[in-house]
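Here are a few notes from my look through this one. Have the structure open as you read.

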Amino acid sequence: MKVDVPTLVEQARQGGPRAVARLISLVEGASPRLREVMAALAPLAGHAYVVGLTGSPGVGKSTSTSALVSAYRKAGRRVAVLAVDPSSPFSGGALLGDRIRMSEHASDPGVYIRSMATRGHLGGLAWSAPQAIRVLDAAGFDVILVETVGVGQSEVEIASQADTSVVLLAPGMGDGIQAAKAGILEIGDVYVVNKADRDGADATARELNHMLGLGESRGPGDWRPPIVKTVAARGEGIDEVVEALEKHRAWMEEHGVLAERRARRAATEVETIAVTALRERIGDLHGDRRLDALAERVLAGELDPYRAADELVAGLAGLPDVNEG
């Protein structure tokens, strides 16, 4: 199918959901037109507030995300949701469970919901998530909610993709122990104890507060992550979560943290693309006599693997760029 990138971008800017979906599909499929898409979107992005939500399975991430969508829509904000689902080991597709649970927003033109498969990528996010976020940003959404897979201690990657990271916990699920040993004490900007109508919610909040107190020492002007108790299924406490998010955003803007995070995010994205390009170029060497010769010298004891790798990297400078031609 022929792709008219300028038209797609313009339709996405006007709020066309099909155009947004098509652009994200080009991202997920690593289309040959992806460079053209990103070049067209670059001047348009950089305005959306990206909020990441993570936590163990069963804490109510999808319900909380849906409740946040309602709260932001009530405030007149356009909202996009990027729900990263576990991949099917057979088809590589997403399970789409989050999309089903947010079906109440399906008819709202101010809401766009997209499920993405991790496709084996560790860290709770799909590898194409940064580009998908840029598409949604350029399409004019005010808030982008990124909900991760929720598989435990590998969830820390969301911190590198979001302006604000929300960590959800629930009483009676051993989350206190998880908080103590996982990386979530370092990534959370706002902590939410959901299902607060259950026994043990206060104890979970106290334990979390204690663990945060044992963390790095904070100065007078440093951000202290708040702990908010919610019952997302009934919408209770969601306004307090939004208030905490807005306070964190204001604090980041005042202290230059928001610009730092976004610059770091861009640097990570550039690095990822560069490493992927290098892997493709190295992949082109398989079957190449130079790589075989280096392997033979390693086996013969003439070279150690590190020196062989150095020679291989140095040799890449003479290879044609994979994107040329």
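1. One term before we start: a residue is called buried when its relative accessible area is under 20%. Also keep in mind that this is a predicted model.

2. Let's begin with strand 4, residues 143-147. Val143, Leu145 and Glu147 point one way from the strand, Ile144 and Val146 point the other way, and all of them are buried. With 5 of its 5 residues under that cut-off, strand 4 is largely enclosed by the rest of the structure.

3. What does strand 4 pair with? If you want a spot to check on screen, Leu53 has Glu147 of strand 4 as its bridge partner.

4. Now for a pair of helices. The axes of helix 10 (residues 238-255) and helix 11 (residues 257-283) come within 5 Å and cross at roughly 90°, so the two helices are roughly perpendicular to each other. Helix 10 brings His248, Trp251, Met252, Glu253 and His255 to the contact, and helix 11 brings Val257, Leu258 and Arg261. Sorted by class, that contact has 4 nonpolar, 2 polar and 2 charged residues.

5. Finally, confidence. The average pLDDT for the protein is 82, and 78% of the residues score at least 70. Two stretches to flag: residues 87-98 stay under 50, with 26 contacts beyond four places in sequence in the model, and residues 119-125 are also below 50, with 23 contacts beyond near neighbours in sequence. Where pLDDT is low, the predicted coordinates should not be read in detail.

Notes: Residues numbered from 1 in each chain as written. Predicted model: local features only at pLDDT ≥ 70, side-chain atom pairs only at ≥ 80, totals over all residues. Heavy atoms only, no water. Buried < 20%, exposed > 50% of the residue type's maximum accessible area, 1.4 Å probe, protein only. Helix = DSSP H or I, 4+ residues; strand = E, 2+ residues; numbered from the N terminus. Pairing = 2+ DSSP bridges. Axes fitted to C-alpha atoms, helices over the stretch in contact; angles between N-to-C directions. Parallel < 35°, antiparallel > 145°, perpendicular 65-115°, else oblique. Contact = heavy atoms within 4.5 Å. Nonpolar A, V, L, I, M, F, W, Y, C, P; charged D, E, K, R; others polar. pLDDT = per-residue confidence, 0-100.
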